[in-house]
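Colleague: I would like to go through this model with you, step by step. Shall we put it on the screen and start?

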Amino acid sequence: MHHARAMDLESSANPGQSDSDWKRAVELWHRLWQADVFWERMAAGTVKTISADVWRSVRAQLPVLHLTIHYDIAFDLEHTKIHRAKFHLVLAHGTSYPAEAREAVQRDVYTRFVSVIPPNVWQFEETNPDTIKLGMDRIEQFLKLDPACVPALEDAVRLQARSLRAWCTDLQALGDDSSKRTQLLQAVKEAAGCWRPYFDQMSTLSALDEEVRQKLGLWYRLMGDIHCALGQHETSLGFYAQGIKSTQPEDEEHQRCTDELVEMQAVVARDLAHEEKPNAKSYCDELRKRSDLTITAHYILANAYLLLDEFDTADAVCDRGLSIQPRLNDIDEIEKNARDRERLEEMRTKSKGARRAFQAKKLLDEGVELLHGDQPQQAIEAFNRASSIAPEVGMVYFLRAQCNLRLRQVDPARQDLATFRRLVTDSAEADQAAAKLENDINQVAAQFARFGVEGHKLRQEAIAAANSENFNHAAFLLRQVLAQCPPAGQADVRKELALVLTNGAINQVNKAMGSTSLAFLSRTVSIKSVCSAAMASLREAAQLDPRNARIKKAIEDLQGMTNRS
């Protein structure tokens, strides 16, 4: 009775009148679900027509069926007002049904709610901010009503992480245009910052998916970087700290957030010292007590102590920073550590014996900057000068090997790697970094063996052209590759050329069709010529890759459309 009356009142002009009936109905349904005697009697009374398993199944499903009613009412956005939706969700969350039932209903309703999002939003390679925003807006609608929904939060983290990476790419493309960079950084901060209240609650979720947890840490780290780039150093600390809290100690992002936190705390310490704030010394002393400071943090903190005229303490900080063994996980960290270790050396000693190493490290820094600026040949020249001044510095050869590899100079890269291994010993991390570089060199060498040196270069250009939908140029380049590559790579090139020709033909027809029907367009000379050219490309593709079913299907579809017109 209470349930039926509540349903009627809910759809009336004054749905608030149903509140007491809904609450009473929830209580009674739960009591019914718990009543062992009721279910036993039902099973006994229908033993000849309904098996006991059916009643057990009905009882097991009752919580899900009951909670689904409240969730469906809440997320019927067309007919349910926000205050009514929240009433039903509070009622559903307040029941004593098993948590698994509530989570199952929540997950099912959420899945149905976001089913209207275009499928391409979920594609990993989709980085268009406007496209991703379609998904974010829909998820936000759900979270405004049910902010603790884990599947919604996880999807939001995935999309936000992808958006931030895309924005970071846009920032790099802006180069030195500081005004546009600031505008974009501010826009990103405002667009992404509204998600922090939702994401902060995820740090308490023990069963969070590992991939999502890593992306959550990435989100906090990048948001910290954005605030840092805007000069909001102290605000960035909260993001890095939350990134640490939201990840596990063994997670890569946990370590990155920790590194960024201590380095930004050192920046804050330097800012306080530069501004001669009264708490600068105490802030620096407290930070110095941490045992997890990076080489970079030591360098910045030493600068802060120098600004405070604490020269002995600055020397001690430099010495401790130089005693740290860097983690040689990737080229970026190697480059960063090389620069900061050089700077620590500069501050620690001014002796003539250190001047030679200082000059070599300056050249190393110059080479690293050139490498970052995509000038590997000029970077090699800097590393050459560095090796002549300080031939015992193994890092020079590792970085020069990276430059040679980028220039596809395999043999010089192998030689530099061998020198690095000879100079840098007794380091497991150095061995890992060297093994990774060796693998990269071997992969490039294998590509040369399959396609030739020039063919490999042309093939990369063709891939870039195809990704930009410049299919004619991509086909032109692949034909050049096919004409000169060794027999081992010809089969792959033929298939790639067939794929480019097929995609080009389909793209050509789609552009010609526009929003007008093919039956109308095919009566014109232009569409007929387009279809004819597309068919020629598809037939050539079929000859190149005769087993490709997609090409055959495209030919059939185009032929069918032409015949119908």
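Colleague: Where is E469 found?

Modeller: First, this is a predicted model, where local features need pLDDT of at least 70, side-chain atom pairs count only at pLDDT 80 or more, and totals for chains, interfaces and linings use all residues. Residues are numbered from 1 along each chain as its sequence is written, and side-chain values use heavy atoms, with hydrogens and water left out. Helices here are DSSP runs of H or I with at least four residues, strands are runs of E with at least two, and both are numbered from the N terminus. On that basis, E469 sits in the loop between α23 (453-467) and α24 (471-484).

Colleague: What is the phi of E469 near?

Modeller: E469 is a residue other than glycine. Its phi is still positive, near 65°.

Colleague: Is E469 buried or exposed, or in between?

Modeller: Buried means under 20% relative accessible area, exposed means over 50%, and partly exposed is in between, with a 1.4 Å probe and protein chains only. E469 has 45% relative accessibility. That makes E469 partly exposed.

Colleague: Where is the place of D374, and what is its phi?

Modeller: D374 is in the loop between α18 (352-372) and α19 (376-389). At 55% relative accessibility, D374 counts as exposed. D374 is not a glycine, yet its phi is positive, at about 60°.

Colleague: How many helices and strands are in the protein chain?

Modeller: Count the DSSP runs. The protein chain has 28 helices and 0 strands.

Colleague: Why is the protein chain said to be more spread out than a compact globule?

Modeller: Take the radius of gyration over C-alpha atoms, and compare it with the globule rule, 2.2 Å times the number of residues to the power 0.38. For 565 residues the rule gives 24 Å. The protein chain is more spread out because its radius of gyration is well over that, at 32 Å.

Colleague: What share of the contacts with a separation of 6 or more joins residues 24 or more positions apart?

Modeller: Contact means heavy atoms within 4.5 Å. Take the contacts in the protein chain with a separation of 6 or more. Residues 24 or more positions apart account for 61%.

Colleague: Which residues does I139 contact, leaving aside neighbours within four places in sequence?

Modeller: I139 is among the residues with the most contacts inside the largest core. Its partners are Y110, V114, W122, A152, D155, A156, L159 and W195.

Colleague: How many residues are in the second, separate core?

Modeller: Its members include I334, I380, A382 and L399. The second core has 31 residues.

Colleague: How far apart are the C-alpha atoms of A269 and C284?

Modeller: A269 is in helix α13 (residues 252-274). A269 is buried, at 0% relative accessibility. Leaving aside neighbours within four places in sequence, A269 contacts Y283, C284, L287, L301 and A304. A269 and C284 are 15 residues apart along the chain, and their C-alpha atoms are separated by 5.6 Å.

Colleague: Which residues does D492 touch, not counting those up to four places away in sequence?

Modeller: D492 is in helix α25 (residues 487-513). D492 is partly exposed, with a relative accessible area of 29%. Its C-alpha atom is 9.3 Å from that of a residue 42 places away along the chain, R450. D492 touches R450 and F451.

Colleague: Is Q242 buried or exposed?

Modeller: Q242 lies in helix α12 (residues 233-246). Leaving aside neighbours within four places in sequence, Q242 contacts R196, D200, S203 and Y220. With a relative accessible area of 11%, Q242 is buried.

Key
Core = buried A, V, L, I, M, F, W, Y, C linked by side-chain atoms within 4.5 Å.
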